[in-house]
Amino acid sequence: MLFGVDTGVINGAIPYMASPQQINLTPSEEGLVTSGITLGAALGALMAGKLADRYGRKRLLIALSVIFFSGTLFCLLAPNAILMIIFRFLLGLVVGWASVIVPAYLAEIATASTRGRLVAQNQLMITGGQLLAFTVNALLGSLFPHVGNIWRYMIAFGMIPSVMLFLGMWHVPESPRWLAMKGQRTAALRVLAPLR
């Protein structure tokens, strides 16, 4: 869901953000603020596999939730277009990492009978996160149409799923496949026993 919220939130925020009373974005800057996350995601996806193999899926997903929270906070507080573009690009790196690591983690931890369903649910959560971001943006824009900095509240909404991811990841095990890759077969078997 966090992936979807972070990629979708800019849709409603950009018109408010671009106004002269706010960040006063030029059309080129609007394009860079909007697409910065996509460019970052493409580059982040290239790095994700090596990071996940080195640090583990669970540990990296916990770190991602902290980076998502921090990056969203920096976007929320960005005083100008340059910083907003940089922070959105950095958020994009994390989106790219998540787009690779989450399906891998789900596939490695799921039983054969549930693997397809879990990976499909992941895709549903991404689009559901985008829908949720659009809905929150529409509600905030409709309820507070004259609040110029309402875009900051729209972006701030993305901090909620990052906290949920952070808390949720403490309750799931590390990938047994990663544990086995690191020679921790006993730990891998401890994870697999209740799952299988």
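Contact here means heavy atoms within 4.5 Å, and the model under discussion is a predicted one.

1. Val95 is a residue of helix H5, and with a relative accessibility of 1% it counts as buried, because that value falls under 20%. Once its neighbours within four places in sequence are left aside, Val95 is in contact with Phe3, Asp6, Thr7, Ile37, Ala41 and Phe68. The C-alpha atoms of Val95 and Leu2 are separated by 8.6 Å, although these two residues lie 93 residues apart along the chain.

2. Helix H5, which spans residues 81–109, and helix H6, which spans residues 112–143, have axes that come within 9 Å and cross at roughly 160 degrees. Since angles over 145 degrees count as roughly antiparallel, H5 is therefore roughly antiparallel to H6. The crossing in which H5 passes H6 is right-handed.

3. On the H5 side, the contact between these helices is made by Val102, Pro103, Leu106 and Ala107, while H6 provides Arg115, Leu118, Val119 and Asn122. Sorted by class, the residues in this contact of H5 with H6 are six nonpolar, one polar and one charged.

4. Two aromatic pairs are present in the structure. One of them joins Phe166 and Trp170, whose ring centres are 5.8 Å apart and whose planes stand at 75 degrees, so the pair is edge-to-face. Phe166 has a relative accessibility of 30% and therefore counts as partly exposed, whereas Val95 in point 1, at 1%, counts as buried.

Key: Residues are numbered from 1 along each chain as its sequence is written. This is a predicted model: local features need pLDDT of at least 70, side-chain atom pairs count only at pLDDT 80 or more; totals for chains, interfaces and linings use all residues. Side-chain values use heavy atoms; hydrogens and water are left out. Axes are lines fitted to C-alpha atoms, for helices over the stretch in contact, and angles run from 0 to 180 degrees between N-to-C directions. Helices (H or I, at least four residues) and strands (E, at least two) are DSSP runs, numbered from the N terminus. Angles under 35 degrees count as roughly parallel, over 145 as roughly antiparallel, 65 to 115 as roughly perpendicular and the rest as oblique. A crossing is left-handed if the near helix is turned anticlockwise from the far one by less than a right angle, and right-handed if clockwise. Ala, Val, Leu, Ile, Met, Phe, Trp, Tyr, Cys and Pro count as nonpolar, Asp, Glu, Lys and Arg as charged, and the others, Gly among them, as polar. Rings of Phe, Tyr and Trp (its six-membered ring) pair if their centres lie within 6.5 Å; planes under 30 degrees apart count as stacked, over 60 as edge-to-face and the rest as tilted. Buried means under 20% relative accessible area, exposed over 50%, partly exposed in between (1.4 Å probe, protein chains only).
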